[in-house]
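The points are grouped by topic.

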Amino acid sequence: MSENTLGYIHRFVPATDHTVATTLLLLHGTGGSETDLLQLGRTLAPGAALLSPRGKVLENGMPRFFRRLAEGVFDLDDLRLNTHDLADFVEAAVAHYGLDAGRVVAVGYSNGANIAASTLLLRPRVLSGAVLLRAMLPLEPEIVPDLMGVPVLLASGRHDPLVPHSSIERLAALLQQTGADVTLRWQEAGHGLEQEEIVAAQQWVERRMMNAEF
Ligand code: MLT
């Protein structure tokens, strides 16, 4: 059942393995919903708690996490506002559901990956890691945040028509400048995800959870 509390319609699935303290914050793509990424979350981190909000901005009826002016051209004021709104939701959900505030890892696809990247850059304390599937550079922050050691996986499609290589490379460079531990993985694919990279993301998450990196 979806909840409509804490400012977002969302799903919360408690951890099924009580030795796992990590929570995955699942952020869907344009036109998605709070149920879209639950299966992916289960695959990436079996046993972890899942927190999955639905984006509140509607584009022709399709939920998103922030407004855009055109394909790949973002309304930056709206992006900043919605980034803080989402970060406030995460903090409220951590308190409400009794989660470990130091172990919230975003898993975002497309528009969801872009707001996750924006959250890393504008609210660096909220996330302790991120899996960004088909992300692009959401904005240039005024101050480069301190993300020292925060693991970030960028899973990009070499033939993605929506994400220019220069944008993902700039995001990777910016995250490296913050001190984040960045892995940029290219897949021979477009904007859609391939099974091979989901397996690679699962192994990446598993390794970091085993080493208590998040
Ligand atoms: C965005 O608007 O965040 C990106 O263009 C990706 C998408 O189509 O959602």
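**Ligand site**

The model is a predicted one.

- Thr-30 places a polar side-chain atom 2.6 Å from a ligand oxygen atom.
- Arg-64 has a side-chain N or O atom 2.8 Å from an oxygen atom of the ligand.
- For Asn-114, a side-chain N or O atom is likewise 2.8 Å from a ligand oxygen atom.
- Of the 260 Å² of accessible area that the ligand has on its own, the protein covers 95%.

- Helix α3 runs over residues 111-122, and its twelve residues should span 16 Å at 1.5 Å a residue. The C-alpha atoms at its ends are 16 Å apart, which agrees with that expectation.
- Is α3 enclosed by the rest of the structure or open? Eleven of its twelve residues are buried, so the helix is largely enclosed.
- The buried residues of α3 are Asn-111, Gly-112, Ala-113, Asn-114, Ile-115, Ala-116, Ala-117, Ser-118, Thr-119, Leu-120 and Leu-121.
- Asn-114 has a relative accessibility of 5% and therefore counts as buried, because the cut-off for buried is under 20%.
- Beyond residues up to four places away in sequence, Asn-114 touches Phe-66, Phe-74, Arg-134, Ala-135, Met-136 and Pro-138.

**Residues with positive phi**

- Most residues other than glycine have a negative phi.
- Arg-134, one of the residues that Asn-114 touches, has a positive phi near 65° and is not a glycine.
- Arg-134 sits in the loop between β10 (129-133) and β11 (151-157). At 1% relative accessibility, Arg-134 counts as buried.
- Ala-212 also has a positive phi, about 50°, without being a glycine. Its place is in the segment after α5 (195-210).

**Tyr-97 in helix α2**

- Tyr-97 belongs to helix α2. Is Tyr-97 buried or partly exposed? Its relative accessibility is 22%, so it counts as partly exposed.
- The side chains of Tyr-97 and His-10 are joined by a polar contact of 2.7 Å.
- Apart from neighbours within four places in sequence, Tyr-97 is in contact with Glu-3, Leu-6, His-10, Phe-12 and Leu-51.
- Tyr-97 and Met-209 are separated by 112 residues in sequence, and their C-alpha atoms are 21 Å apart in space.

**Ala-101 in the following loop**

- Where is Ala-101 placed? It lies in the loop between α2 (76-97) and β9 (104-109).
- Ala-101 and Thr-23 are 78 residues apart along the chain, while their C-alpha atoms are separated by 8.9 Å.
- With neighbours within four places in sequence set aside, Ala-101 is in contact with Val-94 and Val-126.

Definitions and conventions:
Residues numbered from 1 in each chain as written. Predicted model: local features only at pLDDT ≥ 70, side-chain atom pairs only at ≥ 80, totals over all residues. Heavy atoms only, no water. Helix = DSSP H or I, 4+ residues; strand = E, 2+ residues; numbered from the N terminus. Contact = heavy atoms within 4.5 Å. Polar contact = N/O pair within 3.5 Å; in protein donor to acceptor, adjacent residues only side chain to side chain. Areas by Shrake-Rupley, 256 points an atom, 1.4 Å probe, with all protein chains shown as cover. Expected span 1.5 Å × (residues − 1). Buried < 20%, exposed > 50% of the residue type's maximum accessible area, 1.4 Å probe, protein only.
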